[in-house]
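Thanks for coming. I will take one structure today and go through it from a record entry to the salt bridges.

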Amino acid sequence: MLTAFLLFFPVAAALLLHFAKGNAARVMALGAALVEFAVAVFAAITAASGMTPGNSEAAYSSFAVNIPWIASAGINFHIGMDGLSLLLVLLTTFLVPLIILASFRHDYPNASAFYALILFMQTGLIGVFVSLDAFLFYFFWEVALIPIYFLAGVWGSERRIAVTFKFFLYTIIGSLFMLAAFVYLYFQTGANGGVRSSDIAAFYNLTLSAGEQAWLFWLIFIAFAVKMPIFPFHTWQPDTYTESPVPATMLLSGIMLKMGIYGTLRWLLPVVPLGTSQWGKLVMILAVIGIIYGAIIAIRQQDMKRLIAYSSLSHVGLMAAGVFSLNMMGLQGAVIQMLAHGVNVVGMFFIGDIIQRRTGTRQIAELGGLTKHTPLLSVSFLVLLLGTVALPLTNGFVGEFLLLAGVYKYNMWLGAVAGVTIILAAVYLLRMFQRVMLGPETSLTSTIQDLTGSELAVLVPLIVLVFWIGLFPNTFLQISEPAVLQILTLMGKQ
């Protein structure tokens, strides 16, 4: 029942926000998000207490709910969690209250609707991570899109309508390809007079020809590639991140893009292993191109928010490359880097928002000398930046080390090219820090104030995670290891 509570509590809280106004709405939203996080932590503790060596399934069996939804068609309301799902539920429930708290310095019109949409989106995101039925997964995949469309389209910047429509168009078309693949797979489960089912286990047990898997791979992968996004399906991302209000940008970059990576691990690799083997190298090349492309474009940016958006594109390319390395290090690296990237990118966008609110600009050329007046902001900015650059002992180092090792094991030359991402990230991020925080003051930065208590309440938990993941990565890697091993076993790689 814990899984069902995690799934439905946010949407119930969102409905109650209809009766709240102004400050009361955001306080209620924060309270609901904190309750959700507490339940997720309790679920993690429950799973850890039931874990026995070599038998992780027993620890997660209590999280499963499987009841008929459309019984005549073999479609069930089947949800549950394993280590992979649990980590992403923890990431979602950890970040959402921080995102809500980070928005307290903004006065958004119709606040009750704004925060209700954030909680509604949380239900969609968690639904994606816990669904074990293909059509239920697809349902929550689309549910997560609706609130972010309105958050970006209603509360975004001047170009929000055109940008949000492009984002919506990309994602909905990709989703329809995935739906077509799921429908085909569903009918294949009933081949030879069998009972049709859309359960994930039924999809895993299908025997499909290499030809079928080849085209099914692209139908499913396109939906995930758009959501991540990876090159060349990325063109919606920089504008959407830039034009959306900061909480929406945080949701998109910190959590929503993880849907694509998670979907690839859960619904692509084990379902069409032959298609993955056939097309994996091409996807790997596209991912590596995205790594370099995103980094080079980031170097040229003068807008802080846009620079962080392209930085995110580059780092997601490395995660995708790790997934398609199809080895333990690459997949584990992708999992731990999803957590690290979520923490770092939310923190970086929040730092950019703090600077913009205080100075009225995001233009790097108009900033400088902030360190003289803002030591707390400077230290927070530097820690999150070094985590993004993958400095040893920070969260980014663990993920990128495993990812690069996995890609190198797959192909030495691709691994070498992908490794350039660390050098390029240092170039554009450290140069941004130097220009914004150091150097001479400008007319916009001479009277800037340091962090407030509520801003520290957002940044301190993120900084704690930067070092926790960096110093004690096994806390998280041991949770995901059985699930990752199962994926590789289903693919015949172990």
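**The annotated region and the overall fold**

I start with the record: UniProt, in an unreviewed entry, lists residues 66-126 as "domain: NADH:ubiquinone oxidoreductase chain 4 N-terminal". UniProt positions are given in the numbering used here, feature names are shortened, and annotations may be inferred rather than shown by experiment.

Before going on, the ground rules. This is a predicted model, where local features need pLDDT of at least 70, side-chain atom pairs count only at pLDDT 80 or more, and totals for chains, interfaces and linings use all residues. Residues are numbered from 1 along each chain as its sequence is written, and side-chain values use heavy atoms, with hydrogens and water left out.

Over residues 66-126, the chain is 59% helix and 16% strand, and the C-alpha atoms at the ends are 16 Å apart. Helices (H or I, at least four residues) and strands (E, at least two) are DSSP runs, numbered from the N terminus.

Now the whole protein. It has 21 helices and two strands. Its radius of gyration is 22 Å, close to the 23 Å that the globule rule gives for 494 residues, so the protein is as compact as a globular protein of that length. That radius is taken over C-alpha atoms, and the rule is 2.2 Å times the number of residues to the power 0.38. Along the principal axes, the C-alpha atoms fill a box of roughly 75 × 55 × 45 Å.

Of the 494 residues, 62% count as buried. Buried means under 20% relative accessible area, exposed over 50%, and partly exposed in between (1.4 Å probe, protein chains only).

Where does Ser-85 lie? Ser-85 is in helix α4, residues 83-102, and it is buried, with a relative accessible area of 1%. Leaving out residues up to four places away in sequence, Ser-85 touches Gly-80, Phe-129, Tyr-262 and Arg-266. A contact here means heavy atoms within 4.5 Å.

Arg-266 also forms a salt bridge with Asp-82, with the closest N and O atoms 2.7 Å apart. Arg-266 lies in helix α12 (residues 246-268) and Asp-82 in the loop between β2 (75-79) and α4, so the pair ties together parts that are 184 residues apart in sequence. A salt bridge is a side-chain nitrogen of Lys or Arg within 4 Å of a carboxyl oxygen of Asp or Glu. Side chains of opposite charge can pair when their charged atoms come close. Both partners are buried: Arg-266 has a relative accessible area of 5%, and Asp-82 is at 17%.

**A network of salt bridges**

How many salt bridges does a search of the whole structure find? The search finds seven.

Asp-353, Arg-357, Arg-358 and Glu-455 are linked in a network of them. Glu-455 is buried, with a relative accessible area of 1%. Its side chain meets that of Arg-357 at 3.1 Å, N to O. Arg-357 lies in helix α15 (residues 328-359) and Glu-455 in helix α20, so this pair ties together parts 98 residues apart in sequence. Glu-455 also meets Arg-358, at 2.9 Å, N to O. Arg-357 is partly exposed, at 28% relative accessible area, and Arg-358 is partly exposed too, at 23%.

That is the end of the tour; questions are welcome.
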